[in-house]
Amino acid sequence: MNTLALETKRLTLRRMQVADCERMVQYLGDFEVSSKLARVPHPYPPEHAREILSKQDKIAAQGILAFTIDDGTGLVGGINARPFEDGHYVGYWLGKPYWGKGYMSEALAAVLHHLFVTLSTPKVRSTVFLENAASAGLLSKFGYELLGQSEDPCAARGGRIFPVRVFELSRERYLYIMQNAEGQEEVRL
Ligand SMILES: CC(C)(COP(=O)(O)OP(=O)(O)OC[C@H]1O[C@@H](n2cnc3c(N)ncnc32)[C@H](O)[C@@H]1OP(=O)(O)O)[C@@H](O)C(=O)NCCC(=O)NCCS
């Protein structure tokens with residue numbers, strides 16, 4: 001059983017629990033959240049959350065790191081890292097009430113540190129629907145570079161295909177940025 005947990009200043013990134021299902025259904029049920037993600041249907045069926053919960057061991061066995069983001073009151077979002085041939089894809093979301101508080105900057109900083117420093121993954125990649133300025137801004141803040149454009153389906157928008165920007169951050173660049181960011185709170189977090 002995967003019990004890995006990461007701590008940040010305000011958040012705990014931990015394994016999903018039964019009690020998370022209710023808030024997950026509530027927050028992922030918001031089209032403003034699900035329409036930014038590739039695989040989350042709208043309306044969001046409660047069975048979907050329970051199915052993800054039941055698959056936690058299977059997910060971990062595939063090398064996927066899947067975290068509930070908890071602010072001390074319970075689930076506020078999720079972040080995961082899925083291996084691909086020479087790195088990890090990172091995906092993330094927060095319930096709308098928690099946007100704009102710097103939470104994902106904290107959560108992503110912890111996950112990137114784990115991936116690059118603990119696991120020495122060579123690169124991380126994220127795909128962002130073209131109109132998602134918040135997510136693109138978040139990645140740029142961490143030094144991700146634009147690799148190019150591609151297309152992804154969006155389950156919440158009927159499975160239709162939309163353009164995405166592909167962002168990538170190499171381990172070398174991450175370590176260089178961290179080394180040169182000593183004392184800069186906004187990057188170190
Ligand atoms: C994208 C998302 C995770 C951002 O989380 P957040 O906690 O609100 O982000 P933060 O407060 O840590 O902001 C980090 C940076 O993102 C950028 N950003 C955040 N909100 C923004 C907005 N509305 N417009 C433009 N840039 C924005 C800024 O660069 C910000 O850094 P700064 O505050 O230091 O300037 C959140 O909006 C979300 O869950 N959206 C719905 C799901 C989603 O889009 N997931 C990602 C799919 S690729």
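These legends describe close-up views of a predicted model. Local features need pLDDT of at least 70, side-chain atom pairs count only at pLDDT 80 or more, and totals for chains, interfaces and linings use all residues. Residues are numbered from 1 along each chain as its sequence is written, and side-chain values use heavy atoms, with hydrogens and water left out.

**View A. The open sheet has 8 strands in mixed pairing.** The strand order is β1-β2-β3-β4-β5-β6-β8-β7. Strands (E, at least two residues) and helices (H or I, at least four) are DSSP runs numbered from the N terminus; two strands pair if DSSP finds at least two bridges between them. β1 (6–7) and β7 (145–154) are at the edges with a single partner strand each, so one side of each has no neighbour in the sheet.

**View B. Strands β5 (residues 87–94) and β6 (residues 123–129) pair in the parallel sense.** The pair has 2 bridges, and H88 has V124 of β6 as its bridge partner. Helix α6 (residues 133–141) packs on the sheet and touches β5, β6 and β8 (160–170), where contact means heavy atoms within 4.5 Å. The direction of α6 makes about 160° with that of β6; axes are lines fitted to C-alpha atoms, for helices over the stretch in contact, and angles run from 0 to 180 degrees between N-to-C directions.

**View C. Helix α7 (residues 171–180) lies across β6, β7 and β8.** The helix runs at about 60° to β8.
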